[in-house]
Amino acid sequence: MNTDFKKDIVQLKDTILVPVSDDDSPMVALDPARLRLHYLKGDMQLFFGDVMYVRALVAERLYAAQEELVSTHPSWQLWIAYAYRAPSIQEKYFADRLAQVKRENPIENEERQIELAHRMSAHPEVAGHPTGGAVDGTASSTAGGTYNVHVMQISTGTINVIWEHSATA
């Protein structure tokens with residue numbers, strides 16, 4: 001496991017002060033003909049079935065990243081496991097992580113506990129999923145290999161892995 005990810009994750013205290021603005025990018029359904037879509041958790045399926053929504057710009061970048069991936073690894077495909085997340089679900093995930101951190105780190109002060117929880121599940125005030133601006137995904141091979149990715153930055157079609165979890169081929 002790549003443990004360098006911790007230095008790449010922006011701290012809550014640095015992001016909470018950044019003003020939020022809407023880029024007017026509409027929400028769109030991801031195209032299952034272009035990406036593999038499969039929820040790992042069923043919480044959003046209660047709202048949308050198997051459909052996953054993201055901002056149009058995110059969808060464009062995912063499609064471009066898929067094309068780049070296939071150009072270098074023809075048997076590989078992006079697998080999106082989570083896209084838009086309802087704010088109430090994000091709040092629950094964060095609250096669950098915060099409770100876990102408090103159990104495991106009872107001597108830490110509350111600010112530090114919140115920061116540690118944010119590293120595992122984004123604080124609801126700065127989380128990308130409730131905006132339609134974040135996805136969780138994996139790149140997997142039809143030849144049987146997987147490369148599990150918990151956090152990806154996708155810009156201009158390029159995939160930058162921030163936190164790699166495991167790989168098998």
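Me: At what angle do helix α5 and α6 pack, and how far apart are their axes?
Reply: Happy to start there, with the reminder that this is a predicted model. Helix α5 covers residues 87–104, and α6 covers 110–120. The two pack at an angle of about 125 degrees, with their axes 8 Å apart.

Me: Is α5 parallel, antiparallel, perpendicular or oblique to α6?
Reply: The angle between the two helices is about 125 degrees. Roughly perpendicular stops at 115 degrees and roughly antiparallel needs over 145, so an angle between those limits falls to the remaining class. That makes α5, relative to α6, oblique.

Me: Which residues of α5 meet α6, and how many nonpolar residues does the contact have?
Reply: On the α5 side they are Phe 94, Arg 97, Leu 98, Val 101 and Lys 102. Their partners in α6 include Ile 114, Leu 116 and Met 120. Sorted by class, the contact has three charged residues, two polar ones and, for nonpolar, seven.

Me: Where is His 129, and is it buried or exposed?
Reply: His 129 sits in the loop that runs between α6 and β5 (136–141). Its relative accessibility is 9%. Buried means under 20%, so at 9% His 129 counts as buried.

Me: Which residue has its backbone oxygen 2.7 Å from a polar atom of the His 129 side chain?
Reply: Leaving aside neighbours within four places in sequence, the contacts of His 129 include Tyr 82, Tyr 84, Arg 85 and Gln 90. Ala 83 is also one of these contacts. The backbone oxygen that lies 2.7 Å from a polar atom of the His 129 side chain belongs to Ala 83.

Me: Which backbone nitrogen does the side chain of Ser 25 reach?
Reply: Ser 25 is in the loop between α2 (12–15) and β1 (27–29), and with a relative accessible area of 9% it is buried. Not counting residues up to four places away in sequence, Ser 25 touches Arg 55, Ala 56 and Leu 57. At 3.1 Å, its side chain reaches the backbone nitrogen of Ala 56.

Methods: Residues numbered from 1 in each chain as written. Predicted model: local features only at pLDDT ≥ 70, side-chain atom pairs only at ≥ 80, totals over all residues. Heavy atoms only, no water. Helix = DSSP H or I, 4+ residues; strand = E, 2+ residues; numbered from the N terminus. Buried < 20%, exposed > 50% of the residue type's maximum accessible area, 1.4 Å probe, protein only. Polar contact = N/O pair within 3.5 Å; in protein donor to acceptor, adjacent residues only side chain to side chain. Contact = heavy atoms within 4.5 Å. Axes fitted to C-alpha atoms, helices over the stretch in contact; angles between N-to-C directions. Parallel < 35°, antiparallel > 145°, perpendicular 65-115°, else oblique. Nonpolar A, V, L, I, M, F, W, Y, C, P; charged D, E, K, R; others polar.
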